[in-house]
Amino acid sequence: MGAPLLWLLAAVLLCARAASGTAGFIKSPLSKKTLVEDSVELHCEAIGRPIPEIQWWFEGNEPNETFSQLWDGARQDRIRIHATYNEHSTSTVFISNLTISDSGTYECRASNDPDRNHLWKSPKVKWVRSQANIIVIERNNIWTAIDVSSHRTLLTCKLKEAISAPIEGHRWLKGDKVLKEDKSDSLTTEYEVVSDDRSGEYQCIFLPELAGKADVQVKGPPKVYINKKSEYGNEGDSIVLTCKSSSYPSIEQWKWYKENEGEANMILVNDTEGRMSIISTPEKTELHINSADIKEDPGKYICNGTNSEGSDTAVITLKVRSRLAALWPFLGIVAEVLILVIIIFIYERRRRTDDIVEAEPPRDEDGGAAPL
C-alpha cells in the first residue's frame with residue numbers, strides 16, 4: 001500500500017503545482033558515464049500554467065568555469081536541442097562525438113515567469129533547476145584485425161594493455177543486432193562471420209561497456225534486403241515499398257525500376273504530379289506510390305543499391321486490389337445468410353401446411369364429417 005500512496009501523493013502535488021502556475025519537473029535528466037567519440041542524450045519535462053520555457057546550461061570541470069547556456073548547433077554543430085511545448089514542456093539535448101571537455105554538469109532550467117528573460121527586471125519566480133553529470137573517459141587502446149579467406153571472415157579485437165577493472169565478458173554487434181556474447185575475462189575476443197553478407201560495420205565491446213569498445217569495418221559489395229517479396233494494396237491507397245542495406249561502405253546510390261515484360265525496365269524517378277516519390281538514405285530507400293492505380297501500378301519493382309565495392313538488387317511484387325475486393329467476403333456472408341433464411345422460411349411454411357392437413361378431421365363419402 002505504501003508505494004501506491006506515494007505515487008498518488010506525488011500526482012496530487014504535481015497537479016496542485018500545475019494548477020497554481022508554478023513550473024515544476026515531471027522528468028529530470030539522468031547522470032551518465034560514457035566514452036570519447038560516443039554520443040549522449042539528456043531529457044527533461046516540466047509542467048506549469050502557462051507552459052514553462054526550458055533551457056539547457058553547462059558547467060565544465062575547470063576550476064574557474066561557470067555555467068553557460070547551450071544552444072542548438074553549439075560546439076561545432078555537435079549539440080542538438082529539440083523542444084516541444086504542447087500540454088507541457090519537453091526538451092532533449094543530444095551531444096555527438098564526445099570529447100573529454102564535454103564532461104561536466106548539465107542543468108535543465110524551467111520557468112514560466114513573464115520576466116524570466118527580461119534584461120532589467122528581475123523575475124518574480126526563480127528558474128527551477130535539475131542537474132545531471134556527464135563523465136567522458138578515454139577509450140582503451142584496442143587492436144583490431146580482419147582475416148578474410150575464401151570460406152570465412154574472422155574479426156579480432158584485443159586490448160593492448162590490461163585495465164584496472166576485471167573484464168566480465170564480450171559482446172559483438174552489427175548495427176543494433178547482438179551477434180555474440182560471452183562471459184570470458186580474456187583480453188582478446190573473436191567473431192567469425194559465416195553469412196554471405198559479411199560487409200558492414202561491426203562493434204566489439206569489452207564488458208562492462210566502459211572497459212573498451214572498437215569498430216571493425218569489413219568492406220564488401222552491398223546486400224539489399226526486403227521485408228516481404230510481395231506487397232498488397234487497395235486501389236486509391238498510398239503504398240510504400242522499402243529496401244534496406246547495412247553494408248560497408250554505405251550505399252552511394254539507390255535506383256528503382258519497374259519490370260516491363262519484353263521491354264527494357266523502366267527507371268522510376270520523382271514525378272512532377274507527386275504520385276510517385278523516392279526517399280533514400282545510405283541505409284534504406286522507399287518508393288512511395290500515392291493513389292494506387294489498379295491498371296498501371298501492379299507488377300515487379302526492382303531496387304538497386306551501389307557502393308564502391310559493387311551493387312545488388314531486390315525484387316518486390318506489387319498487387320493492387322479493387323476497392324470492392326474488401327466487400328466480396330461481406331457480400332458472400334450476406335448471400336449465405338439470405339439463402340439460409342429462405343431455406344428456413346420454405347421449411348417452416350411447408351411444415352405449417354403439413355400440420356394443418358393433419359389437423360383436419362376425416363370426411364365420409366358424402367362429404368360430411370365422419371361420426372365419432
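## One cavity

Searching the whole structure turns up one cavity of 30 Å³ or more. Keep in mind that this is a predicted model. The space inside the largest cavity comes to about 40 Å³.

Who sits around it? The largest cavity is lined by Thr22, Ala23, Ala110, Ser111, Asn112, Asp113, Val125, Lys126 and Val128.

## A three-stranded sheet

Now for a sheet. Three strands make up an open, antiparallel sheet, and they run in the order S18-S22-S21. Strand S18 (239-244) and strand S21 (276-280) are at the edges with a single partner strand each, so one side of each has no neighbour in the sheet. From one strand to the next, the twist averages 15°.

Let's zoom in on one pairing. S18 joins strand S22 (residues 284-289) through six bridges, in the antiparallel sense. Look for Leu241, which stands opposite Leu287 in S22.

## Aromatic rings

How many aromatic pairs are there? The count comes to three. Tyr191 and Tyr202 form one that is tilted, with 6.4 Å centre to centre and 40° between the planes. Why "tilted"? Planes under 30 degrees apart would count as stacked and those over 60 as edge-to-face, so a pair in between gets this label.

This pair links distant parts of the chain: Tyr191 belongs to strand S14 (residues 188-193) and Tyr202 to strand S15 (residues 200-207), eleven residues apart. Both Tyr191 and Tyr202 are buried. Together with Trp172, Tyr191 and Tyr202 make up one aromatic cluster.

Note on methods: Residues are numbered from 1 along each chain as its sequence is written. This is a predicted model: local features need pLDDT of at least 70, side-chain atom pairs count only at pLDDT 80 or more; totals for chains, interfaces and linings use all residues. Side-chain values use heavy atoms; hydrogens and water are left out. On a 1 Å grid over the protein atoms alone, a cavity is a set of points where a 1.4 Å probe fits but cannot get out, and a pocket is an open set with protein on both sides within 12 Å along at least five of seven lines; lining residues have an atom within 4 Å of a point. Grid points are joined across faces, edges and corners, and a volume is the space filled by probe spheres set on the points. Two strands pair if DSSP finds at least two bridges between them. Helices (H or I, at least four residues) and strands (E, at least two) are DSSP runs, numbered from the N terminus. Axes are lines fitted to C-alpha atoms, for helices over the stretch in contact, and angles run from 0 to 180 degrees between N-to-C directions. Rings of Phe, Tyr and Trp (its six-membered ring) pair if their centres lie within 6.5 Å; planes under 30 degrees apart count as stacked, over 60 as edge-to-face and the rest as tilted. Buried means under 20% relative accessible area, exposed over 50%, partly exposed in between (1.4 Å probe, protein chains only).
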